[in-house]
Amino acid sequence: MAGAALPGRLRERLAWRVARLAEVRDETPTARTLVLDVPGWPGHLSGQRVDVRLTAADGYSARRSYSLAAPAAGDRVELTVQRVPGGEVSPYLTEIFSVGDPVEIRGPIGGWFVWRPADPEPVLLVAGGSGIVPLMAMVRARRSAASRVPFRLICSVRSPADLYYADELREAARADPGLDVTRCYTRVVPDHWTSPPRRLRPADLAEAGWPPDFTPTCYVCGPTGFVEAVADALVEIGHEPERIRTERFGPSGSSHPADTT
Ligand SMILES: Cc1cc2nc3c(=O)[nH]c(=O)nc-3n(C[C@H](O)[C@H](O)[C@H](O)COP(=O)(O)OP(=O)(O)OC[C@H]3O[C@@H](n4cnc5c(N)ncnc54)[C@H](O)[C@@H]3O)c2cc1C
């Protein structure tokens, strides 16, 4: 499609904007929330993502996708980035990128893996590791909209120290009977835990999720293998495939000597 033929809104979403880092919050020893000021940000839905582009002085550039971690708030957007050892982009964003520094972003991107406060169905969210990021945006959007749509969130993490937003989730679930949060640990369990570390099983999804005849919308996000296993398990316990929305956090983006897109 020629650039001139793109509808205005699409052109706006594909345009790179210069964002500046306004604030950081460490979520775990290896994951950091970046609060960015993006002048002219058009707003977004929870579940959408952005592309982030870094460009070196010699023109070398790398681009990666990151989910938006919170609902739209004027010109501010939040991302949470997990440091991938040896990665090109995430170590920079989590260790070097400093308040006041610029970065290019474009978006919002995605129209299927989204939750709108007007959606009436119960919601099941299933997160593997950093896959909680867009699901947390949905939890936060529900709270901002004072929605009473019942949410159940199941988080699978390696250890208690790997759960992002832990205090906020604990408080949100305590204060709101419409939000249930269930944790599952695959490598290290808390001291008081009664079961050994293990991966999520269909029985866990049946127990902590919704019965299929409640016709919930299910959102599953995380590494590709996790998403595929959970989506299969949801179908196995009776959920309709068309009610299961997935987002895979596999390797993303591209790197070019001089990326001009
Ligand atoms: C739709 C979408 C949304 C995403 N949202 C988020 C988000 O909110 N937060 C977040 O932290 N990441 C997110 N990611 C992943 C992110 O785009 C990058 O892939 C990640 O930050 C690694 O980039 P890198 O440049 O550091 O590593 P790279 O230089 O790209 O890769 C280094 C090595 O790590 C492997 N690798 C790359 N990505 C991953 C990964 N995700 N898991 C395991 N191994 C990997 C590569 O195969 C390679 O071997 C998302 C990906 C997609 C597709």
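**Aromatic rings and their neighbours**

Phe-97 is buried, with a relative accessible area of 2%. This is a predicted model. Tyr-92 is partly exposed at 26%, because the cut-off for buried is under 20% and exposed begins over 50%.

Now the pairing. There are six aromatic pairs in the structure. Tyr-92 and Phe-97 form a tilted one, because their planes meet at 40° with the ring centres 5.9 Å apart. The stacked class stops under 30 degrees and edge-to-face starts over 60, so an angle between those limits counts as tilted.

Tyr-164 and Tyr-165 are paired edge-to-face. Their planes stand at 90°, and the centres are 5.7 Å apart. Both tyrosines, Tyr-164 and Tyr-165, are buried. Tyr-165 also has a charge over its face: Arg-140, at 4.7 Å from the ring centre.

Trp-112 has an arginine over its face as well. That residue is Arg-245, 3.9 Å from the ring centre. Arg-245 belongs to strand E11, which spans residues 244–248. A polar atom of the Arg-245 side chain also lies 2.8 Å from the backbone oxygen of Trp-112.

What about a charged partner? Arg-245 is buried but has no salt bridge. Asp-119 is its nearest side chain of opposite charge, 5.6 Å away. Beyond its close sequence neighbours, Arg-245 touches Trp-112, Phe-113 and Val-114, along with Thr-217, Cys-218, Tyr-219 and Val-220.

Note on methods
Residues numbered from 1 in each chain as written. Predicted model: local features only at pLDDT ≥ 70, side-chain atom pairs only at ≥ 80, totals over all residues. Heavy atoms only, no water. Phe/Tyr/Trp six-rings, centres within 6.5 Å; stacked < 30°, edge-to-face > 60°. Buried < 20%, exposed > 50% of the residue type's maximum accessible area, 1.4 Å probe, protein only. Lys NZ or Arg CZ within 6 Å of the ring centre and 35° of its normal. Helix = DSSP H or I, 4+ residues; strand = E, 2+ residues; numbered from the N terminus. Lys, Arg positive; Asp, Glu negative; His and termini not counted. Salt bridge = Lys/Arg side-chain N within 4 Å of Asp/Glu carboxyl O. Polar contact = N/O pair within 3.5 Å; in protein donor to acceptor, adjacent residues only side chain to side chain. Contact = heavy atoms within 4.5 Å. Lists of a residue's contacts leave out its neighbours within four places in sequence.
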